[in-house]
Amino acid sequence: MQVNLTQAIHYLQQGEVVAIPTETVYGLAADVNNEAALNKIFAVKQRPANNPLIIHIASMHQVTDYAAEFPPLAKKLAETFWPGPLTLVLKSKPHVSAIVRADAPTVALRVPAHPLTLQLLTESGLALAAPSANRYTQLSPTLAAHVEASLGHDIPVLDGGACQVGIESTIVSVEGDHWQLLRHGMISAAQIVAIAGKPALVTTGEIPKAPGQHLLHYSPNTPTCLFQETEALMGYAKTHPDCAVLLIGDVSPSFVNGLKALTSHCVQLAQSPIKVAEQLYKVLHQLDELKAPAILILLPPSNPEWAAILDRLTRAGYRAPV
Ligand code: TXA
Ligand code: MG
């Protein structure tokens, strides 16, 4: 159900959830100070309660409403990248609802770079907890139509057009003058290093992660199979020509033409990582709708500039083809 800005504010103030546009993906928003509304997010998404939510705020001046500390390093990152696709995980103030934090001692905050949502945050005076507006483990939405396809027509949606970044924000935790990367995104680790002036804190033991990043995540319904080598993909496609194919990165025109002749659906995303990120979920949604027996994906090269895209594809491709 499409709503305008005034209606969206009204619903949020009444304790309802509203899908809102951001530059990364659409979020399913609720007033961060209304626990009944927060519970609706988890119910609508069928999301487990142990997976915390990001709080969206209008400006960095609101950080200390929720975070107990705003260390200079975090401030520097916020000044550089906000509004934008960076989430900061900081020590939480005690009053922040345990539902948002999933009982963690930290809180995740970001100022999104979408004019309509910035206007919504400013005019409503609310801070909005919002995970991506899709059912748990499914593909994230980058169009209002994706939200309706995943969550149904009863959810109010503020249509802000296609998301420009296209994949979820980079998540960085900051404690004192140390930082760690919790989720890859289009703001790269190298960009964080450049601003922080030092590499991420190296800890012994387990690599820290944002909770809830299960392997089966960001997945189409269609079984998805990942290939690193063109020959292996071609070999599989020859015996399974009814599969859909997504080629990412630079491959020879003769290879693409060979696959196009062989399979019914073959899409190539050959541009820069930035362009591919913008298109990725939209193309995966389209390929998913074909209901082919499987989606075969040729992965981009394993280098840092493709890290965020490789991360999402690796999760999408957790299920082997039937
Ligand atoms: O780009 C984005 O980040 C989008 C838009 C809507 O802002 N949101 C998004 O939300 O991707 P979601 O819920 O799909 O992913 C949020 C991630 C989860 O993996 C969660 O574990 C992590 O943020 N997170 C939230 N609070 C955290 C905390 N206190 N500590 C560590 N990770 C946290
Ligand atoms: Mg999500």
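1. Two residues are in contact when heavy atoms of theirs lie within 4.5 Å. The model discussed here is predicted. By this definition, and leaving aside neighbours within four places in sequence, Ser150 is in contact with Asn134, Arg135 and Gln138.

2. Ser150 sits in helix H7. Its relative accessible area is 13%. Ser150 therefore counts as buried, since the cut-off is under 20%. The side chain of Ser150 also makes a polar contact of 3.2 Å with the side chain of Gln138.

3. Helix H7, residues 144–151, is part of what covers the buried residues of helix H2. Strand E3 (27–31), helix H5 (98–101) and strand E7 (128–129) are also included in that cover.

4. Which residues of H2 are buried? In this helix, residues 35–45, they are Ala37, Leu38, Ile41, Phe42, Val44 and Lys45. An α-helix has 3.6 residues a turn, so residues three or four places apart point the same way. The list of buried residues can be read along the helix with that spacing in mind.

5. The two ends of H2 each have a local feature. At the start, a side-chain oxygen of Asn34 comes to within 3.1 Å of the backbone nitrogen of Ala36. Just after the helix, Gln46 has a positive phi of about 55°.

6. Thr87 belongs to strand E5, residues 86–91. Is Thr87 buried or exposed? Its relative accessibility is 0%, so Thr87 counts as buried.

7. The side chain of Thr87 makes a polar contact of 2.8 Å with the side chain of Ser169. Not counting residues up to four places away in sequence, Thr87 touches Ile54, Ala108, Leu109, Arg110, Ser169, Thr170, Ile171 and Val172.

Terms used: Residues are numbered from 1 along each chain as its sequence is written. Chains are lettered from A and ligands numbered from 1 in the order in which they are written. This is a predicted model: local features need pLDDT of at least 70, side-chain atom pairs count only at pLDDT 80 or more; totals for chains, interfaces and linings use all residues. Side-chain values use heavy atoms; hydrogens and water are left out. Buried means under 20% relative accessible area, exposed over 50%, partly exposed in between (1.4 Å probe, protein chains only). Helices (H or I, at least four residues) and strands (E, at least two) are DSSP runs, numbered from the N terminus. A polar contact is a pair of N or O atoms within 3.5 Å; within protein, one must be able to donate a hydrogen and the other to accept it, and residues adjacent in sequence count only if both atoms are side-chain atoms.
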